[in-house]
Structures are given as structure tokens and as C-alpha cells.
Amino acid sequence: MEENRKKKARRLHAEGYSCSQCVLMACGDLVGLDDVTAAKIGAGLGAGVACGEICGVANAMAIAVGLKNDDSAADSKKRAMPAVRKLCMRFAEPNEGLLACRDIKGKCGRTCDELISDGVGLLEEALA
């Protein structure tokens, strides 16, 4: 199933959706998101929240983990934050430990499509 999600994400990116939108739309079924809602949630997160900061893929993974939580209590962050940290660390490994969009693309030369595929794979594994 992972490859189907990766293909969907790459197709969406080719259509003009941001990295964060692609990840959320490709993995939305895992967290109860339809494509329209996923696209809306991810709209402002691409290109490192439009500032070159944390990669949109990492942002999308954090949102998905939060949505996967089974409650909305204030302390639900105690479950979400360690899972997000682990995902972000795994995402950063092939990117010289970097999470900032401008650094990953500038120093590592990784493309958005590569990062999107990495994120979809990690997220699918984490949420399974």
C-alpha cells in the first residue's frame, strides 16, 4: 500500500500541491482526513511554513500523528510529542540531520519528491 500512497503524493505534487498537502492527502485515510480537508490543513505549511524553516513534510507528519491520537485531552501531547520527535529524527537521518527546508534542499540537494516519498513511507509505517 505504501507505494500507492507515494505515487499519489508525487502525482499531487506534480499537480502543484505543496509537500505538506501531498503527505496529508496521501496518508489522510490513515487519520480520517479527506483530500479537501487535508489540502486545506497543509496549504500554509509548504516551503517550511513559507519561510524555509521546518520542512512541510515534517509538519504534515506532526499533524497526522496528532490526528491519530485517540483523544483531545490537554495531556494527549505526552503521547504525540515523542512519536513526532522519533519521526522527525528518522526523517532527518538521510538529510544530514537537518529539518529546515532551505537546508535540506540547499546543503543536501534533496528534491521535494524525494522528501515527500520519505515522509509518506515513514508516516505509513508509524501509523500502521
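The legends below describe close-up views of helix packing and salt bridges in a predicted model. Local features need pLDDT of at least 70 and side-chain atom pairs pLDDT 80 or more, while totals for chains, interfaces and linings use all residues. Residues are numbered from 1 along each chain as its sequence is written, and side-chain values use heavy atoms, without hydrogens and water.

**View A. Packing of helix 2 (residues 19-31) with helix 5 (residues 56-68).** The two axes, lines fitted to C-alpha atoms over the stretch in contact, come within 8 Å and cross at roughly 25 degrees. Helix 2 and helix 5 are therefore roughly parallel (angles under 35 degrees, on a scale from 0 to 180 degrees between N-to-C directions). Helices are DSSP runs (H or I) of at least four residues, numbered from the N terminus. Contacts (heavy atoms within 4.5 Å) involve Val-23 and Leu-24, among others, in helix 2 and residues including Ala-60 and Ile-63 in helix 5.

**View B. The salt bridge between Asp-29 and Arg-5.** A salt bridge places a side-chain nitrogen of Lys or Arg within 4 Å of a carboxyl oxygen of Asp or Glu. Here the closest N and O atoms are 2.6 Å apart. Asp-29 lies in helix 2 and Arg-5 in helix 1 (residues 2-14), so the pair ties together parts 24 residues apart in sequence. Arg-5 is buried at 7% relative accessibility, whereas Asp-29 is exposed at 53% (buried, under 20%; exposed, over 50%; partly exposed, in between; 1.4 Å probe, protein chains only). Glu-124 joins Arg-5 and Asp-29 in a network of salt bridges.

**View C. The salt bridge between Glu-53 and Arg-102.** The N to O distance is 2.5 Å. Glu-53 is partly exposed at 40% relative accessibility, and Arg-102 is partly exposed at 44%.

Conventions. Helices (H or I, at least four residues) and strands (E, at least two) are DSSP runs, numbered from the N terminus. Angles under 35 degrees count as roughly parallel, over 145 as roughly antiparallel, 65 to 115 as roughly perpendicular and the rest as oblique.
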